[in-house]
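Subject: Structure for you to look at

Hi,

Here is the structure I promised to pass on. Please open it and keep it beside you as you read my notes below.

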Amino acid sequence: MSKERTRLKRGRLMQRIPAVWRTPLAIVGAVIGLSWALVAILAPWITPFDPLAQELTRLTPPGVDGLLGTDQVGRDVFSRLLAGARVTMPLALIMVVSATIIGTFIGAIAGYIGGWVDEVLMRLTDLMMAFPTIILAMVIAASLGPSLFNAVLAGIVVSWPQYARVVRSLVLSLRTENYVVAGRLLGFSPWRSLRVDILPNIAGPTLVLASLDIGTAILLLTGLSFLGLGAQPPTAEWGSMISGAVSHIDAWWLGIFPGIAILSVVMAFNFIGDSLRDALDPLATAEREGASQQDDTQQPANEEK
């Protein structure tokens, strides 16, 4: 009897969790993402060695002097990998949040006001989007000087146009809705109409785009560091770690472990973004609920047979 009650409680608890977050991809993405977030928070206390200290034997393979070996100057690769999470992930989040805010503001103004304001802002957006993202980011970072701050700034500059485009299209489809027109007739100012009637209704698609863009931001940031335009030695950053491994091809552990870290984080945020998109898509939600209800009705029928 107690086992049956426990099973029923577990079933009720699982039903409270949305179906989209019970899918394998969502679970895997959440577990990997939370694990790396904990690593980034706890890195100063869990790193076995100082990530900047050159106190170990140079170029030793994994398992000899360190869990993941040592690099060309005697630093522990595992410690630098953990410390790199504190650099790459927060900066990528800052890049995405800043680009989202800037792009949302520009796109909302262009879509709501229209006219020459829309033309000027969208032509500026088209001009930014005409250049390949990585090339434009390299030009900006090289012009400002190699540093993590300038790499993040370059990433923000090349990332906001896509948000402006998406938000503008969403605002154009919403500004003629009855509830928006009714608010304007009641005396709402344009800013209040945007804040109260439009922005809450475009938050879902914008959030999905931002979550999917975190992986792209990580790749862009690590790519700039790999090219020497981002993190500078001796900063522990995944892209710069791979850059340092280029001159030591025989020491395979120098590049493969930071590469696995980048791959895992990018995949995790892509999985989370896909799950978030499915959760905020009304059509997909209705299809899932219909399928689950059909399974629930078929299961008792099969048991009776």
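Helix 3 has the highest mean pLDDT among the elements of the chain, at 92. Helix 11 (residues 282-304) has the lowest, at 50. Keep in mind that this is a predicted model. Residues 299-305 have a pLDDT below 50. Beyond near neighbours in sequence, that stretch makes zero contacts in the model. For the chain, the mean pLDDT is 83. A value of 70 or more is reached by 84% of the residues.

Now the overall build. The chain has eleven helices and zero strands. Of its 305 residues, 41% count as buried. Look also at contacts between residues at least 6 apart in sequence: 69% of them join residues at least 24 apart. The accessible surface comes to about 16900 Å². Carbon and sulfur atoms account for 66% of that surface.

Next, the inside. Which residues touch the most other members of the largest nonpolar core? They are Trp36, Ile218 and Trp238, in a core of 54 residues. Several helices give two or more residues to this core, including helix 2, helix 6 and helix 10 (253-280). Helix 3 gives the largest share, 13 residues.

Take Ile218 as a case to trace on screen. Leave aside its neighbours within four places in sequence. Ile218 is then in contact with Thr88, Ala92, Ile262, Val265, Val266 and Phe269. Another core, of eleven residues, lies apart from the largest one. Among its members are Ala108, Val167, Val180 and Ile202.

Then the outside. Leu38, Ile41, Leu42, Trp45 and Ile46 form a nonpolar patch on the surface. Together they have about 560 Å² of accessible area. Leu38 lies in helix 2 (residues 24-46). Is Leu38 buried or exposed? Leu38 counts as exposed because its relative accessible area is 51%, and the cut-off for exposed is over 50%.

One more residue: Gln162, found in helix 6. Gln162 has a relative accessible area of 28%, so Gln162 is partly exposed. Setting aside neighbours within four places in sequence, Gln162 is in contact with Leu209 and Asp213. Now find Asp126. Gln162 and Asp126 are 36 residues apart in sequence. In space they are 9.6 Å apart, C-alpha to C-alpha.

Best wishes

Note on methods: Residues are numbered from 1 along each chain as its sequence is written. This is a predicted model: local features need pLDDT of at least 70, side-chain atom pairs count only at pLDDT 80 or more; totals for chains, interfaces and linings use all residues. Side-chain values use heavy atoms; hydrogens and water are left out. Patches are made of residues with over 30% relative accessible area and no salt bridge: like charges are joined within 9 Å, nonpolar side chains (Val, Leu, Ile, Met, Phe, Trp, Tyr) within 5 Å. Accessible areas come from the Shrake-Rupley method with a 1.4 Å probe; for residues, only the protein chains shown count as cover. A salt bridge is a side-chain nitrogen of Lys or Arg within 4 Å of a carboxyl oxygen of Asp or Glu. Helices (H or I, at least four residues) and strands (E, at least two) are DSSP runs, numbered from the N terminus. Buried means under 20% relative accessible area, exposed over 50%, partly exposed in between (1.4 Å probe, protein chains only). A nonpolar core is a set of buried Ala, Val, Leu, Ile, Met, Phe, Trp, Tyr and Cys residues joined through side-chain atoms within 4.5 Å. Contact means heavy atoms within 4.5 Å. pLDDT is the predictor's confidence in each residue, from 0 to 100.
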